[in-house]
Amino acid sequence: GSVDASDNAERVGVRGSGLRRDATVVPTGFDDYKYQPWYFPDMNRVQAEQALAGKPKMTYVVRPSSQPGCLSLTHVEESGTVGHAIIHRSTERGWLIEASPQGHATVGALLHSLPLRHDDYAAQRAEPTA
């Protein structure tokens, strides 16, 4: 059967580093991205491009990549076009984007190292239109 990610999760308080969604405690660790408002687990490349069409520069979503074990950062580039970048996890260095040597402990930390519109996710999550 499937293993619930919260089974092995470190418990965090409301004022801790984790987020609370629907009154459930969110696990921390390498897969905590699954609980972030910028992560869309059911979104594919075409849906991400549609969701970001016409949005401000550096708006982004993170979704599963077609490459096994990887994520994709889909974002509006400075030119206004929608771009995609592979996020992968290295056992030694943590989360990395493309060929960057700089690793991060979490996907969120990696995203915050990039010039993206992070304040977009401080408010309600924007759902893509079908």
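How many strands form the open sheet, and in which order do they stand? Four strands do, in the order 3-4-5-6, with antiparallel pairing. The views below are built around that sheet. This is a predicted model, where local features need pLDDT of at least 70, side-chain atom pairs count only at pLDDT 80 or more, and totals for chains, interfaces and linings use all residues. Residues are numbered from 1 along each chain as its sequence is written, and side-chain values use heavy atoms, with hydrogens and water left out.

**View 1. The whole chain, from end to end.**
The protein chain has two helices and six strands, and along the sequence they follow the pattern β-β-α-β-β-β-β-α. Helices (H or I, at least four residues) and strands (E, at least two) are DSSP runs, numbered from the N terminus. Of the 130 residues, 38% are buried, where buried means under 20% relative accessible area, exposed over 50%, and partly exposed in between (1.4 Å probe, protein chains only). The accessible surface is about 8,000 Å², and 50% of it belongs to carbon and sulfur atoms; such areas come from the Shrake-Rupley method with a 1.4 Å probe, and for residues only the protein chains shown count as cover.

The average pLDDT (the predictor's confidence in each residue, from 0 to 100) is 76, and 70% of the residues score at least 70. Strand 4 has the highest confidence at 96, while strand 1 (residues 20-21) has the lowest, with a mean of 36. Look at the two ends of the chain with care. Over residues 1-27 pLDDT stays under 50, and the model has 31 contacts there beyond four places in sequence; a contact means heavy atoms within 4.5 Å. Residues 124-130 also stay under 50, with ten such contacts.

Two strands count as paired if DSSP finds at least two bridges between them. To find your place, look for R63 opposite S72 in strand 4, T74 opposite H84 in strand 5, and S90 opposite G94 in strand 6.

**View 2. Two hairpins in the sheet.**
The hairpin of strand 3 and strand 4 has six residues between the strands, and G69 takes a positive phi near 80 degrees in it. Another hairpin joins strand 5 to strand 6 through three residues.

**View 3. The largest nonpolar core.**
A nonpolar core is a set of buried Ala, Val, Leu, Ile, Met, Phe, Trp, Tyr and Cys residues joined through side-chain atoms within 4.5 Å. The largest one here has 24 residues, and W38, L73, I87 and L111 have the most contacts inside it. Two or more of its residues come from each of helix 1 (45-52), strand 3 (60-64), strand 4 (71-76), strand 5 (82-90), strand 6 (94-97) and helix 2 (107-112). Follow L111 and you'll meet W38, Y60, V62, L73, I87, L116 and H118, leaving out residues up to four places away in sequence.

**View 4. Helix 1 against the sheet.**
Helix 1 lies across strand 3, strand 4 and strand 5, and runs at about 170 degrees to strand 3. For such angles, axes are lines fitted to C-alpha atoms, for helices over the stretch in contact, and values run from 0 to 180 degrees between N-to-C directions. Strand 3 is mostly covered, with four of its five residues buried.

M58 sits in the loop between helix 1 and strand 3, and its phi is near 70 degrees, a positive value in a residue other than glycine. With 14% relative accessibility, M58 counts as buried. S79, in the loop between strand 4 and strand 5, counts as exposed because its relative accessibility is 57%. S79 and M58 are 21 residues apart in sequence and 9.9 Å apart in space, C-alpha to C-alpha. E98 belongs to the loop between strand 6 and helix 2; E98 has a positive phi of about 50 degrees, though not a glycine, and counts as partly exposed at 43% relative accessibility.
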